[in-house]
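Have a look at the picture first, then we'll start with a sheet.

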Amino acid sequence: MSARVVTVTSGKGGVGKTTVVANLGVALAMRGQRVVTIDADIGLRNLDVMLGLENRIVYDLVDVVEGRCRLRQALVRDKRLQELYLLPAAQTRDKSALRAEDMVRICDELRESFDFLLVDSPAGIEQGFRNAVAPADEVLIVTNPEVAAVRDADRVIGLIEAEGKGPARLIINRLKPELVRRGDMMDTAAVLELLAIDLIGIVPEDETVIVAANTGRPIAFTDHSPAGRAFHDIARRMLGEEVPFAPLKEPGFLERLFRWMRPEGEEQR
Amino acid sequence: MEPDSIAIKGTRQGLLITLGEEPWEALVDALARRLEKGAAFFRGGRAALDVGSRSLDETRIRQVQDLLARYEVDLWAVRSTADATILATVRLGLTPLLGPEDAARRAQSRGETHPEAPTHPAGGLVVERTVRSGQRIEHPGDVIVIGDVHAGAEIIAGRHIIVWGKLHGVVHAGALGDESAVVCALDLAPTQLRIADHIARSPEERRRRPVPEMARVHKGRIEAIPWPHR
């Protein structure tokens, strides 16, 4: 038994990496997988808050690296799911407290007892990012449908390909179907055309995600919201299921007819 | 001598010889021994040398070149992040190689140095992948990309640049001053396009349907013409 190490990264900050890690951790654990979520954002930890586990932290990642505790002691078990754990980041240190070899060693030690290790990468392309990517078997790139986020994602995909960690797969987060329909937001096809990598999920904008994050109860616990369903779909795809991409909102009959009548090349104008 | 101070591996472009951190003379000795052992295997091949951040002058590169030549191995390229080494490589008429990682590091330590025009023409460099934001490809000869060049990527060539795909990044053809250099792409929409000392931007409005185009310098200005043109 050997876990898959999946690193979630983005380049740009604030696109939802930590939200994705928390929700995929919950969704995978709800499907019977043994999961450790690892917060590699030393000095700016958030994953514990989103999972509602902040007050249970005793030791952290840097304590393990510096030998103040055993790895097992630093793992925080989720209060709701038996098979979900958190390896928290240190809040009072910075990225220099961790090296890429440390991350590889820690992940290797966890591999035999779990099915998934989800690594939450810091934003940027510096040492913290390199630490998070070093142990990865697979990489998920999170982006928002905006030009700046997509550009940064492209940069990160290039770095990951150069490290031989590819092919990365893409999660488009916070898509607003209404804006896309009005032509005011990049649609999925435009993002994919720019990035030219495989898509593993589309998460629509959903206010309940923010509420959930603030209360430490990730949206994936309740999969009847659109975003919660999207995270469960991604988890199923990670487990090898073929899950069709649900249309975000059915276009009306007239709209479809109109699109169909309009020649393809005219759409840009 | 550690056995891994020199690594030799086969790549699609021939052998790649990576030199470690040892003192120079020790490396040359180790390389000579490796070549002696595998003489039959290496004979007739061509090799690129990866020296990392080490600064090498022409004499030292030629030393390796001569050593390889004794075993009928042709040194064609040197990969390095040190400006001195790159300059010496160009002066010897060899190809300087820059990986995407190296390019980023080099960009930081970069002065205004422009490699001098090579004494004999360098060959083409074929890039068979998507060139992404933040990646930079420099080559003294022609650069051919089979794939897309994304916005935020840079391609700098001594001569022509051909992109069999979308070109959205920054390109500089004829970067050593050659005004006869051209840029061709299936979808020519670069952020900025330079030929020799001329600079042009793509029109703001997007085209309805991209057509292959060629950009060239004509009467002192850069112009793009559809391909095939009549």
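Q: What makes S7-S9-S11-S13-S14 of chain B a sheet, and how is the pairing described?
A: Those 5 strands form an open sheet in that order, and the pairing is mixed. A strand here is a DSSP run of E at least two residues long, while a helix is a run of H or I of at least four residues, and both are numbered from the N terminus. Two strands count as paired if DSSP finds at least two bridges between them.

Q: Why are strands S7 and S14 of chain B said to stand at the edges?
A: Strand S7 (136–139) and strand S14 (198–200) of chain B each have a single partner strand, so one side of each has no neighbour in the sheet. On average, neighbouring strands of this sheet are turned by 10° against each other, direction ignored. For such angles, axes are lines fitted to C-alpha atoms (for helices, over the stretch in contact), and the angles between N-to-C directions run from 0 to 180 degrees.

Before going further, a word on where all this comes from. This is a predicted model: local features need pLDDT of at least 70, side-chain atom pairs count only at pLDDT 80 or more, and totals for chains, interfaces and linings use all residues. Residues are numbered from 1 along each chain as its sequence is written, chains are lettered from A and ligands numbered from 1 in the order in which they are written, and side-chain values use heavy atoms, leaving out hydrogens and water.

Q: How do you know that strands S11 and S13 of chain B pair?
A: Strand S11 (residues 170–173) and strand S13 (residues 192–195) of chain B share 4 bridges and run in the parallel sense. The cut-off is at least two bridges, so they pair. In S13(B), B:Gln192 stands opposite B:Val170.

Q: What is the strand order in the open sheet of 6 strands in chain B?
A: The order is S6-S8-S10-S12-S15-S16 (chain B), again with mixed pairing. Strand S6 (125–127) and strand S16 (221–226) of chain B are the edges, since each has a single partner strand and so one side without a neighbour in the sheet. Neighbouring strands of this sheet are turned by 25° against each other on average, direction ignored.

Q: Which strands pair with S12(B), and in what sense?
A: Strand S10 (residues 161–167) of chain B pairs with S12(B) in the parallel sense over 5 bridges, and B:Leu167 stands opposite B:Leu188 there. S15(B) is joined to S12(B) by 3 bridges and runs antiparallel to it; B:Ala185 has B:Glu213 as its bridge partner in S15(B). Strand S15 (residues 213–218) of chain B is in turn joined to S16(B) by 6 bridges, also antiparallel, with B:His218 partnered by B:Arg221.

Q: Why is strand S12 of chain B called largely enclosed?
A: Buried means under 20% relative accessible area, exposed means over 50%, and partly exposed is in between (1.4 Å probe, protein chains only). In strand S12 (residues 183–188) of chain B, 5 of the 6 residues are buried, so the rest of the structure largely encloses it.

Q: Why does B:Arg43 count as partly exposed, and where is it?
A: B:Arg43 has 45% relative accessibility, so the in-between label applies. B:Arg43 sits in the loop between helix H2 (39–42) and strand S3 (46–52) of chain B.

Q: What does B:Arg43 touch, not counting residues up to four places away in sequence?
A: B:Arg43 touches B:Tyr71 and B:Glu72 (contact means heavy atoms within 4.5 Å).

Q: What makes strand S2 of chain A mostly covered?
A: In strand S2 (residues 35–39) of chain A, 5 of its 5 residues are buried. A:Val35, A:Thr37 and A:Asp39 point one way, and A:Val36 and A:Ile38 point the other way. In a regular strand the side chains alternate between the two faces of the sheet.

Q: How do you know that S2(A) pairs with S4 and S5 of chain A?
A: S2(A) has 4 bridges to strand S4 (residues 84–87) of chain A, in the parallel sense, and 5 bridges to strand S5 (residues 116–120) of chain A, also parallel. A:Val36 has A:Tyr85 as its bridge partner in S4(A) and A:Leu117 in S5(A).
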